[in-house]
Amino acid sequence: MKKILILLLTLTIISSLFVGCEKKEALDYTIKFGVLPAESAIPIIIAKEKGFYEKEGVSVELVPFNSPNDRNVAVQTGNIDAIIGDIMTSLTFHENGIEMKITSDINEDFKLLTSPKSGIDSFAKLDKKSVSVVPNFVLEYIMDEMAKKNGIEYKLVSIPAFTARFEALLADQIDGVIFTEPQASMLVAKGANVLATSKEYGIKAGTLLFNKKTIDSNSAEVKAFYRAYNAAVEYINTTDASEYSNVLTKYGFPEAIQGYLGRGVKYTKAQKVTNESFTKVLEWTQSKKLVEKSYKLEDISNFTFIE
């Protein structure tokens, strides 16, 4: 009898180990996540392509966009649940009754580049020159902050599409532009000059945003999304870029992304947005008269999924 009990106990332990190794029970709701072909989207894409969402039992559909404006229309029409965005986007959405909550920061480093033939290699030479950014979004905020700290003015040129801005700089139709990776490195390879970066200036405004309705109704899915996101960050930081970078071309990334990632770029896991960053962006957003109400960070955020 004693031998039988020991055998049953052993089988129970083995069974529990197998269960622990199996894929987690699938959750019901499919998160539709809007992505742009930018550095901050890479962990989200890798989590999809390498099966990290599936491992966490959550279904995530990635919806590619080429401009923030198109992405925002999809949010307004209720076609997507979450996006890569910024603090000012969350504020303006809330101002218009759309509760897109900040759930974490993103990996970001935006670069200010000048055109190859412009000869602009200092902020003094950029004064009164044309710079293309998307108005009312993070790019304009970064440019405004850099201009203010260097005591210059600039002429804003609105070119929403990534490719159009890229070509305009190379054709010397504009003097400057702000891009994240991989577009920034591609422009440098074609002769553009990096004047400054958001990391150098300590400027942070990028975020992940989830619709409050999605958060309230499908909190388990959002939690699983972030577990997969952080697993993808670990994977990127410990894996040679040649093993995963080719899948990024499916989402609008150029093949040159492998060269950028291969330089030892390190990603960080999802973190909270600081109150300091929020306050600076809020003041800027109010100065642009994009919002009239008074907001606190806790009004437009929910960091419980990364705690």
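**Salt bridges, a buried helix and a pocket**

Student: In this predicted model, which residue forms a salt bridge with glutamate 56?

Tutor: In the predicted model, the closest N and O atoms of the pair are 2.7 Å apart. The two partners belong to distant parts of the chain, 171 residues apart. Glutamate 56 sits in the loop between helix H3 and strand S2, and its partner in helix H11. The residue in question is arginine 227.

Student: Is glutamate 56 buried or exposed?

Tutor: A residue counts as buried under 20% relative accessible area. Arginine 227, at 34%, is partly exposed. Glutamate 56 has a relative accessible area of 13%, so glutamate 56 is buried.

Student: How many residues apart in sequence are the parts that lysine 128 and glutamate 153 tie together?

Tutor: The side chains of lysine 128 and glutamate 153 meet in a salt bridge, with 4.0 Å from N to O. Lysine 128 lies in the loop between helix H6 and strand S6, whereas glutamate 153 lies in the loop between H7 and strand S7. The pair therefore ties together parts whose separation in sequence is 25 residues.

Student: Which helix holds both lysine 212 and aspartate 216?

Tutor: These two side chains meet in a salt bridge at 2.6 Å, N to O. Lysine 212 is partly exposed at 31% relative accessible area, and aspartate 216 is exposed at 51%. The two residues are four residues apart, about one turn of the helix, and that helix is H10.

Student: Why is helix H5 largely enclosed by the rest of the structure?

Tutor: Helix H5 spans residues 87-95. Among its buried residues are Ile87, Leu91, Phe93 and Glu95. What covers the buried residues includes helices H4, H7 and H13 and strands S3, S4 and S10.

Student: Which residue with a positive phi follows H5?

Tutor: The phi of this residue is near 80°. The residue that follows H5 is glycine 97.

Student: How many charged residues are in the lining of the largest pocket?

Tutor: The largest pocket holds about 220 Å³ of space. It is lined by 13 residues, and those closest to its centre are Asn72, Gln76, Thr92, Asn96 and Phe137. H4 and H5 each supply at least two residues of the lining. The lining residues divide into six nonpolar and seven polar, and the number of charged residues is none.

Note on methods
Residues numbered from 1 in each chain as written. Predicted model: local features only at pLDDT ≥ 70, side-chain atom pairs only at ≥ 80, totals over all residues. Heavy atoms only, no water. Buried < 20%, exposed > 50% of the residue type's maximum accessible area, 1.4 Å probe, protein only. Contact = heavy atoms within 4.5 Å. 1 Å grid on protein atoms, 1.4 Å probe; cavity = no way out; pocket = protein on both sides within 12 Å on 5 of 7 lines; lining within 4 Å. Points joined across faces, edges and corners; volume = space filled by probe spheres on them. Nonpolar A, V, L, I, M, F, W, Y, C, P; charged D, E, K, R; others polar.
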